[in-house]
Number of protein chains: 2
Amino acid sequence: MLPNPNEKLDPRVKRTRNLILSAFEILLAEKGFESISVQDVTDKAQVNRATFYAHFPDKYALLDYAIGQLFRQEIEKRTLNACHYTPDNLRNLILAVVEFLSNMHSECAQPHQQFESLVEGTIKNILFQLLSHWLSQSKVKISTDIPATVATWAIYGLASHYSHLKKRPALEKFVDEALPLVAVNLEQFA
Amino acid sequence: MLPNPNEKLDPRVKRTRNLILSAFEILLAEKGFESISVQDVTDKAQVNRATFYAHFPDKYALLDYAIGQLFRQEIEKRTLNACHYTPDNLRNLILAVVEFLSNMHSECAQPHQQFESLVEGTIKNILFQLLSHWLSQSKVKISTDIPATVATWAIYGLASHYSHLKKRPALEKFVDEALPLVAVNLEQFA
DNA sequence: TTGAAAATGTTGACTAAGCAACAAAAGAGG
DNA sequence: CCTCTTTTGTTGCTTAGTCAACATTTTCAA
């Protein structure tokens, strides 16, 4: 199970984080990341500005958190968080990442480098965690670090590539073509 | 202006009252008033049970508050809260009350006496306040109490009558027939 | 009728959120 | 370049919300 520590949290904390998060998502779609001020977020969230700083060091940390939450949500929706390695699960995971990145690019209109690399770091962390978890479920007790790393980068790379294409091919077709190349490194854990 | 003291209130207070109110409205439509427990409300509102009691003595007080808020909302929607007496405003007011009561009866499915009389009391209070305000705007400086009282009871009576009818006539027709009977008492304030 | 389970209010100690005021750093023009 | 304004973080104090525990009722099935 992917650790999402939003469970045993003070209800007030959950509430204000959700308020901040929702406000931020709306603003992000409205005016892009750079032009959002902390004030904007707290106004829309109906939360005191000082409260914001009690939760996040700055707006970049919020972006980080938001990306993570959204992506985790995507993973949970497909029940990939509580399972193990199979080619089919891998296929779904790739689909999830590709769709996530594509949506992000169409909804946020963010040509900023800072934005991109922050997203990349966050997503790859979660991917690595998840893949490590999957592989550790296998009977074969081999070190999972290297295969998980390779798969993480490959998957993210595929998704990034796809989402930057001017003319995107059909999603399923793209994924089915790419899948075997990633799967070959993980076969031993099936 | 009808005093709705939800303005200069601590944001946390507004928030939790809204949470409680929304939860309550949903539950009311779902299972009717009597079978709702305070626990139910606080669970759905994601608020601590003790917090509920910090705002309302019991669920009857919540019902009272909810009715008031909903009705005030109806009034504000029609911008009747910041105006004066004219036959046309009176017409709109009657429409508002009739529609409000009718909706209440169809959505809440409450044959309970306790429920009905609580609604009646709350609505009549607000009606009286509003009408007193209207009449006090007039150049004629006559005591407003008696005419406001008569109009209040008449309007509520009409609405109650209409909403209990098995076969309801067309709303507009009904109101246009009733309007002159109420207006005659208020003519001097026009 | 009775007895276990559920709902009601209440309390006090703890934690989070609100607020106002501040210094400091960007930003935007002139 | 300089100033006026906006945004950023930070802080100490106040108020609201959470929690667990308790003593009552209420409810309702056995």
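Which residues are the closest to DNA strand D? In this predicted model, local features require pLDDT of at least 70 and side-chain atom pairs count only at pLDDT 80 or more, whereas totals for chains, interfaces and linings use all residues. Residues are numbered from 1 along each chain as its sequence is written, with chains lettered from A and ligands numbered from 1 in the order of writing.

DNA strand D is surrounded by 19 residues, a residue being near a strand if its C-beta atom, placed from the backbone, lies within 6 Å of it. The closest are Val38(A), Thr16(B), Asn48(B), Ala50(B) and Thr51(B). Two or more residues of this surface come from each of H1, H2 (38-45) and H3 of chain A and H1 and H3 of chain B; helices are DSSP runs (H or I, at least four residues) numbered from the N terminus. The surface near DNA strand D comprises eight nonpolar, five polar and six charged residues, where Ala, Val, Leu, Ile, Met, Phe, Trp, Tyr, Cys and Pro count as nonpolar, Asp, Glu, Lys and Arg as charged, and the others, Gly among them, as polar.

Around DNA strand C there are likewise 19 residues, of which Thr16(A), Ala50(A), Thr51(A), Ser37(B) and Val38(B) come nearest. At least two residues each are supplied by H1 (11-31) and H3 (49-55) of chain A and by H1 (11-31), H2 (38-45) and H3 (49-55) of chain B. The surface near DNA strand C has eight nonpolar, five polar and six charged residues.
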